[in-house]
Amino acid sequence: MARSEQVLLLEPQHELKFRGPFTDVVTTTLKLSNPTDRNVCFKVKTTAPRRYCVRPNSGIIDAGTSINVSVMLQPFDYDPNEKSKHKFMVQSLLAPYDMTDMEGVWKEAKPDDLMDSKLRCAFEMPLENDKTSELTSLPKSASASLDDGEVKKIMEECKRLQMEVQRLREENKQIREDDGLRKRKVTVMAAHSSSSSATVATGMREEGLSTRILALCVLFFVLGVIIGKLAL
């Protein structure tokens, strides 16, 4: 008995294209859509399992929904003269209404319940013109990826940084002015202290001189009295 026709819709339908350079992982996307009113189990298989990583490689697609399968080609030495013989197969079956174990469903499935679709793989290297075009359009695409909200945020951040710089400049200017004022106060206080010390010292010297003059006057007076008595 012939197998049932595939109910899933594949995009792309027949070929998975991988665009180099192949010095790093190259990823392409396979979209699986379920247009039926039944849940569908699926598996993705390849003839070169060591060369590819597939996520997810199995699962359930609910009725009326779709999923994207990432097919990741591992790095390899590309030979343009060698054609790819790698192939993929998408296998599916209608999920039972009372399904509890998906692996059990696959094991118990009859051959005529299985549906499959096959895809070949194609490797492409970008042309030199394409590389130049990509490099030229990169700044434009990068700028276009910024929406109005992101641009507004960047402008606000620049304005905030400018205000912060201005505030720091004003603080630095105020610190210099305060430092100069403190230096002037210290100079004035030092001069005032020196003047006060000199005044006190002068007063003390004048007071000492007056005391000595008074003592000499008293001494002369006493000597005069004594001499006057001796003369009598």
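Along the sequence, the protein follows the pattern β-β-β-β-β-β-β-β-α-β-α-α, which comes to 3 helices and 9 strands. These elements are DSSP runs numbered from the N terminus (helices: H or I, at least four residues; strands: E, at least two). The model is predicted: local features need pLDDT of at least 70 and side-chain atom pairs count only at pLDDT 80 or more, while totals for chains, interfaces and linings use all residues. Residues are numbered from 1 along each chain as its sequence is written, and side-chain values use heavy atoms, with hydrogens and water left out.

Of the 232 residues in the protein, 20% are buried (under 20% relative accessible area, with exposed over 50% and partly exposed in between; 1.4 Å probe, protein chains only). Among contacts (heavy atoms within 4.5 Å) with a separation of 6 or more, 71% join residues 24 or more positions apart.

The structure holds 2 salt bridges, a salt bridge being a side-chain nitrogen of Lys or Arg within 4 Å of a carboxyl oxygen of Asp or Glu. In one, Glu15 pairs with Arg120, and the closest N and O atoms are 3.2 Å apart. This pair links distant parts of the chain, as Glu15 lies in strand 2 (residues 15–19) and Arg120 in strand 9 (residues 115–124), 105 residues apart. Glu15 counts as partly exposed because its relative accessibility is 23%; Arg120 is partly exposed at 46%.

Glu124 forms a salt bridge with Arg19, with 3.7 Å between the closest N and O atoms. Here too distant parts of the chain are linked: Glu124 belongs to strand 9 and Arg19 to strand 2, 105 residues apart. Glu124, at 31% relative accessibility, is partly exposed, and Arg19 is partly exposed with a relative accessible area of 37%.
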